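Reader: Could you take me through this structure slowly? I am new to reading models like this one.
Author: Gladly, and here it is.

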Amino acid sequence: MMTRTFLGCCLALLLWPGMGWGAGTHVQACEGSSAASQNTQSCTMTLTAGNGVAIWVSQANGANTITSIADGVNTYTTPAGCADSGPRGLRYSLNVAGGITTFTVTHSAASFGFIVVHEFSGANTFNVCAGINAQASPGIGTDAITSTAATTANNAYVFGAMSDDSSLSNTYAAGTNFIIRLSPDASGFKGVTESWNQTTGASTAATFTQTTNRATRAAMMSFIQSGASSCHMALLGVGC
């Protein structure tokens, strides 16, 4: 009877949403950018309760700052190790409320800008963040655009983001191991994002490739599922 209970408990943990051993999973993304100079940008998604959200914002006027990033329901945190750089910044929220959600960034003054948002599942804990990296001339080679590197944990959902400081037309590809999620080719100040379900932790940077050499900013942050450890303990006979 103990064996059946033990195995049944572990199986339940493995099958329970968000409790598996795999890396976090990308769900969806949205972007809001301004066609005219203004101090707010927004985008809307229908979130699933309990998931996580990663946000990247930027604005063309480097003298401006971020006043707020909010959706009226969830609380957003600036990731440790990734302070804002003028109008550019990262935020995240975990275990979010479900439903139609509008994300809005407000900057200190009007300019062309954007907000990009990823929703992900299967990761409930912030892992690491690499500071926003500015490159005046990264070039057009593979993975030429890069964030600062940080050492991730096993089974991490890695969020990568960048902006092209020129606001001119360009084309982008995801970095090695990443999948592009938002990549506008039209001119205008817009964000580019990617993600990677990384099973083995390592020193990691978000990288991108561009077809025209322009100044860029790039950053990354990662998230893990801390609850998965409970079934590891069960398999060791500690409990379940």
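This is a predicted model: local features need pLDDT of at least 70, side-chain atom pairs count only at pLDDT 80 or more; totals for chains, interfaces and linings use all residues.

Reader: What do Cys82 and Cys129 form?
Author: They form a disulfide, with their sulfur atoms 2.0 Å apart; a disulfide here is a pair of cysteine sulfur atoms within 2.5 Å. Cys82 lies in the loop between β4 (66-70) and β5, and Cys129 lies in strand β8, so the pair ties together parts that are 47 residues apart in sequence. The torsion about their S-S bond is about -100°, so this disulfide is left-handed.

Reader: How many disulfides are there in the whole structure?
Author: A search of the whole structure finds 2 disulfides, and one of them joins Cys30 to Cys43, with an S to S distance of 2.1 Å. Cys30 is in strand β1 and Cys43 in strand β2 (residues 38-47), and this pair, 13 residues apart, links distant parts of the chain. The link of Cys30 and Cys43 is right-handed, with 45° about the S-S bond. Cys30 is buried at a relative accessible area of 8%, and Cys43 also counts as buried, at 5% relative accessibility.

Reader: Changing topic, how many helices and strands does the protein have?
Author: It has 2 helices and 17 strands, which are DSSP runs numbered from the N terminus (helices are H or I with at least four residues, strands are E with at least two).

Reader: And what is the order of the strands in the open sheet of 4 strands?
Author: The order is β1-β7-β3-β5, with antiparallel pairing, and two strands pair if DSSP finds at least two bridges between them. β1 (25-33) and β5 stand at the edges, each with a single partner strand, so one side of each is left without a neighbour in the sheet.

Reader: Which residue of β7 is the bridge partner of Ala29?
Author: The partner of Ala29 is His118, and β1 and β7 pair in the antiparallel sense over 8 bridges. β3 is likewise joined to β7 by 8 bridges, with the two strands running antiparallel, and there Ile55 has Val117 of β7 as its bridge partner.

Reader: How many residues of β7 are buried?
Author: In β7, 8 of the 9 residues are buried, so this strand is largely enclosed by the rest of the structure. For the protein as a whole, 45% of the 240 residues count as buried.

Reader: Which residues have the most contacts inside the largest nonpolar core?
Author: They are Trp56, Leu90, Phe159, Met221 and Phe223, in a core of 19 residues. A nonpolar core is a set of buried Ala, Val, Leu, Ile, Met, Phe, Trp, Tyr and Cys residues joined through side-chain atoms within 4.5 Å. Among the strands that each supply at least two residues of this core are β3 (52-59), β7 (113-121) and β17 (216-224).

Note on methods: Residues are numbered from 1 along each chain as its sequence is written. Side-chain values use heavy atoms; hydrogens and water are left out. Buried means under 20% relative accessible area, exposed over 50%, partly exposed in between (1.4 Å probe, protein chains only).
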